[in-house]
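Here are a few notes to read alongside the model. Have a look at it first, and then go through the points in order.

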Amino acid sequence: MQCSVKKVSKRKNRLFSSGVALHFLLVTIFAVAFTGCSSVGRESFIQPVENFIPGKISFNKEDIYINVNQIEDNLAQQQVFQGIEPKIKGFNQQCNPMGQSGRLVLKINQRTLWDGYYQKNSLAITGEIYNEDQELLLQRTVLVSGKDSILQVKFQRKYIGSLVDSLTKDWMALASVESEE
């Protein structure tokens with residue numbers, strides 16, 4: 001009788017320890033899966049302009065401000081410029097040369113935090129278009145948290161490229177926004 005009681009208690013201990021191990025494994029899998037996810041928030045500002053005719057947008061390397069952990073990053077600035085300049089040149093070829101011109105400014109801040117062994121990034125990417133009088137006409141901000149880093153070209157294209165595309169669409173739509181009011 002004693003022998004069968006020991007066998008049953010050993011089985012219970014194995015089941016309990018394997019259940020705990022399974023629970024720990026599931027929690028670890030979910031933690032790793034959700035750590036890799038990014039959350040993205042978007043905000044925009046549009047200043048209506050009377051009798052607006054959209055023209056060309058100027059864009060220079062000096063109009064890009066990139067800070068990674070509060071340190072200015074000139075290499076990332078060059079990468080972003082090389083990625084965005086062809087978009088702006090292509091956009092300008094389709095614009096009315098007699099229209100009002102604008103100036104694109106990009107401000108990018110990345111903060112890196114460590115959560116145990118995992119690196120998490122927080123990005124704030126703001127694109128602004130000013131008119132010739134340095135008045136802010138358009139502003140769009142993208143906030144990102146997760147593993148994505150502005151230092152990787154694929155994320156520069158993903159976030160900054162789509163931000164610039166949205167700003168150029170808004171730039172062209174300023175004339176119709178003004179006429180609706």
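Are F155 and Y159 buried or exposed?

1. Both F155 and Y159 are buried, where buried means under 20% relative accessible area, exposed means over 50%, and partly exposed is in between (1.4 Å probe, protein chains only). Before going further, keep in mind that this is a predicted model, in which local features need pLDDT of at least 70, side-chain atom pairs count only at pLDDT 80 or more, and totals for chains, interfaces and linings use all residues. Residues are numbered from 1 along each chain as its sequence is written, and side-chain values use heavy atoms, with hydrogens and water left out.

2. Now for the core. A nonpolar core here is a set of buried Ala, Val, Leu, Ile, Met, Phe, Trp, Tyr and Cys residues joined through side-chain atoms within 4.5 Å. The largest one has 33 residues, and F59, I84, L104, L106, I125, I160 and W171 touch the most other members. At least two residues each come from β3 (64–68), α2 (74–93), β5 (100–115), β6 (118–130), β7 (136–146) and α3 (153–180). Helix α3 gives the most, with 8 residues. (Helices are DSSP runs of H or I, at least four residues, and strands are runs of E, at least two, numbered from the N terminus.)

3. Take I160 as an example. Leaving out residues up to four places away in sequence, I160 touches V80, I84, L106, I108, I125, I150 and F155, with contact meaning heavy atoms within 4.5 Å.

4. On to the rings. Phe, Tyr and Trp rings (the six-membered one for Trp) pair if their centres lie within 6.5 Å; planes under 30 degrees apart count as stacked, over 60 as edge-to-face and the rest as tilted. That rule gives 3 aromatic pairs. One of them is F52 with W171, edge-to-face at 5.0 Å centre to centre and 85° between the planes. F52 sits in the loop between β1 (39–46) and β2 (54–58) and W171 in helix α3, so this pair ties together parts 119 residues apart in sequence. F52 is buried at 5% relative accessibility, and W171 is buried at 0%.

5. F155 and Y159 come back here as a stacked pair, 6.4 Å centre to centre with 20° between the planes. The two lie 4 residues apart in helix α3, about one turn of the helix.

6. Last, some backbone angles. Most residues other than glycine have a negative phi. N51, in the loop between β1 and β2, has a positive phi near 50° and is exposed at 64%. Q134, in the loop between β6 and β7, has a positive phi of about 65° and is partly exposed at 48%.
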